[in-house]
Amino acid sequence: MNRKRGLISDAFISKRKKAVTERFGLSDVEGPTDIKATLEYLMTLFPRKVFNDVLPQIVLKHQLYSLVSDKTMVDKGVNKLREQGDLLMFQLGFDSEAFGLVFASDYKAKVLAAQDGCDTQETVQKFLDKVLTSCTDLSFSKDQMLHNFLFSDAEITQLVKSGVLTVRDAGSWWLSIPNSGKFTKYFIQGRKAVLNMIKKSKYNEVLKVDLEDRKTPSQVKFHMKYHIHDIVGAELVESIPTTSGTLLRYVDD
C-alpha cells in the first residue's frame, strides 16, 4: 500500500472520524481527522510537477475545514504544529482570509535549494536559523528585524530579493514563499473555473463524484480534489449529503 492510500485508509479507522465534516458524508472522506495527517493527505494533491518541484507543498488553512467540521479543533491543531516549529503559515495576499500552510522542513529545503550559489544565501540561512525557529509571526516590523533579530538594512533588502520576505507596507514585511506568484495565479483561475462548472450545471449543483470525473478546462492546473476542498472549506459551495453521494451547490452571493 502506498503512502497516499495508507492515509486514505486511516480516515475510516480513526477514532476521531466523527469530527469529519458532515458536508462530505463519511463515505466520501478521503483524509484522516488528525490535523497533521489531514495536512499530509491534502498535500498529496498539490501538483509539484506543475511548478517543476521548486515550490514546497502548499495547503490553504480553510481546506482543512472541508474534512474536519470542528474549526476550533483545526485552529488549535494548526497552532500547535506552528508552535512546535513543524508548520509555517503565510498570508497569501489575494484574500485577507487566505492562509497558506507549509511544512517547515519542506519550506527550508526548497528555499535553500533555490539559494545555492546566490549572493543572498548566507543571509537567507541566517533568517531560517534565527527567525523561523523562534518566531511564529506572519509579518515582521523593521524594529523587530533590526533590534530583535539583528539584521541590517542591507540584509533585509537581500531577504526581500530572495523572496522569503515581501513588502507589507512601509517598514514591515510578510513572511513569503519564494516564486509562489504562479501558484496564486493558477489557484485563483482554477477556483473560478471549477465554480463556473458548478454554476453551469442544472440548478447550479452537481454531485461531487461527477465533478471529479469531468474533463477539466485548460484553466484548471491542479487536481480537481484540491479545488473541491478549497471551495467547500471556503464555503463557496454548499455540501449536501444525499443517497447518491455528496451534492455541491453553488452559493449565490
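The secondary structure of the protein comprises 11 helices and 9 strands, assigned as DSSP runs numbered from the N terminus (helices: H or I, at least four residues; strands: E, at least two). The structure is a predicted model, in which local features need pLDDT of at least 70 and side-chain atom pairs count only at pLDDT 80 or more, whereas totals for chains, interfaces and linings use all residues. Residues are numbered from 1 along each chain as its sequence is written, and side-chain values use heavy atoms, with hydrogens and water left out.

Of the 253 residues in the protein, 50% are buried (buried meaning under 20% relative accessible area, exposed over 50% and partly exposed in between, with a 1.4 Å probe and protein chains only). Among contacts (heavy atoms within 4.5 Å) between residues at least 6 apart in sequence, 62% join residues at least 24 apart.

Leu150 itself lies in the loop between helix H7 (142-148) and helix H8 (153-162), has a positive phi near 60° although not a glycine, and is exposed at 52% relative accessibility. A positive phi, of about 55°, also occurs at the non-glycine residue Asn52, which is placed in the loop between helix H2 (35-43) and strand S1 (59-60) and is exposed, with a relative accessible area of 63%.
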